[in-house]
Amino acid sequence: MNDPDSRRSPAPSGAAATPWTSRAWPWARLHVRLARAAAVLAAAARSSSLVVPLLLAAATASAQPAPATVRMSAEPVADGIWFVQGESAMGSAANQNFISNAAFIATPEGVVVIDALGSPPLAERLLALIRERTRAPLRWVVVTHCHADHIYGLQVLQAAGARIVAHAGCREYLASDTARLRLEASREELFPWVDEETRLVVPDRWIGDKGDEADLVLDLGGRPLRIRHAGPAHTPEDLIVFDEKSGVLFTGDIVFRGRVPFVGQADSRRWISALDRMLQWQPRILVPGHGPLSHHPAEDLALTRDYLKFLRQAMGEAARNLEPFEEAYARTDWSRFAALPLFAAANRMNAYNTYLLMEHEGE
Ligand SMILES: [Zn+2]
C-alpha cells in the first residue's frame, strides 16, 4: 500500500507495513532498466546502420522520465482559473500517483500554480495544459503543504521559471531523514514516475519565517491572491489561497471531497477550527486538495468536518476510558463513512492516530 501523505505514522496491527522496509525494490528497478536497454539494443541490431544513433538515443532516453499517460484535463473553475483533478485512490505506479489536485490562475502578469502534483511527469502534463491556455510566464507555485503527492512535480515547474512559496513549517521536513526515506520509498513504489531524478525542491520564499505569519498577497497586475497560513491543521504548514476577484478558495488538504480524508499526524481540533475560519471569507467556490470542486462551500466542508468530529468523539471516549484501541475500533459503528472511497485504506490508521492524539490531549 502506498501512502503518499504519510510522514511517520506508526502502524496499528493489521495495517500495512511501512513500505520502505521492503528490500526487493532495487532488483525490480534494475530489471526494468535492463529490459528497456535490451529492447533498444534488439531494435538496433535489426538495423545495423542505426546502431550508433540508436545507442546514443537510448543513453539519452534512460535519463528521461517516462511521460505520464493518465487522463488529465484542465477544467475551468472561474475566469482565468483551471484545475486538474486526481483520482480518489492511494498513489501507485498504476495510477502514476495522480491522486491529488492542482490548479492554475492566469493573471495579467503571469501564471500562478497551486501545488505541483505527485511526480515530475505529471507536472510536465500540467505544464502542457497551462501552455494550451496561456503563453504568459510562470511566476509562482504555491505549495499548500509538503506531502509527496503535492510536491514531487516542483522541479519541473521551477525549471519552467516559477518561484516557489511555501510555509516555513515545510523547511524542517524537507531537510529531514523522513522526507528522504519517503522519497526513496516512492522511487520504489511509483517507479518509473518517481525515480532517481526526482528530488525534493527547497522553496524560494517562505511564509511564517521568523514567526511572521502575516498573509502574503501576490498582486499580479491587479489580481490579488491572498495566501494565508491555516495550519496546523492537516499539516503544520497548511496554506490556503484566496482569489478575491473570483471568490475562489484553494484549500489544499484542509478539505477532502469524495473520499475518506487522510489524517496522519494532523491536529484535528485545529483542523476543524480552520474549516470554520475559512468560511469567513465567504468563498464562492472551493478547490480542494482531493476531489471535485465545490460550489457550496459550507455544505461541502461538512464531510471533512463530520469525519474528524466523529473520529475525535469515538476515539476520545475510548482514550478517556482507557479502552484498548483494537477494542474501541472494533465496536465503533463506522457505517456512516464505510461506503466512501479509501475507507478501507485509510480509516484504521486515521482512527489510531486520533486515538493517540486524544490520549495526548487528555494528559
Ligand atoms: Zn494530499
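**Exercise 1.** Determine which strands helix H8 lies across, and describe which of its residues are buried.

*Solution.* Helix H8 (residues 268-278) lies across strand E10 (239-243) and E11, running at about 165° to E11, where axes are lines fitted to C-alpha atoms, for helices over the stretch in contact, and angles run from 0 to 180 degrees between N-to-C directions. Helices (H or I, at least four residues) and strands (E, at least two) are DSSP runs, numbered from the N terminus. This is a predicted model, in which local features need pLDDT of at least 70 and side-chain atom pairs count only at pLDDT 80 or more, while totals for chains, interfaces and linings use all residues. Residues are numbered from 1 along each chain as its sequence is written.

Next, take burial (20 or more other C-beta atoms within 10 Å of a residue's own, with C-beta atoms placed from the backbone): the buried residues of H8 are Ser 268, Trp 271, Ala 274, Leu 275 and Met 278. Seen down the axis of H8, these fall within an arc of 105°, so they line one face of the helix; the arc is that of the directions from the helix axis to the C-beta atoms.

**Exercise 2.** Work out the strand order of the open sheet of five strands, and which strands stand at its edges.

*Solution.* The order is E8-E9-E10-E11-E12, with mixed pairing, two strands being paired if DSSP finds at least two bridges between them. Strand E8 (216-219) and strand E12 (285-290) stand at the edges with a single partner strand each, so one side of each lacks a neighbour in the sheet. Finally, E11 (residues 248-256) and E12 run parallel, joined by five bridges, and Gly 252 stands opposite Pro 288 in E12.

Conventions: Two residues are in contact if their C-beta atoms, placed from the backbone, lie within 7 Å. A residue is buried if 20 or more other C-beta atoms lie within 10 Å of its own, exposed if 12 or fewer, and partly exposed in between; C-beta atoms are placed from the backbone.
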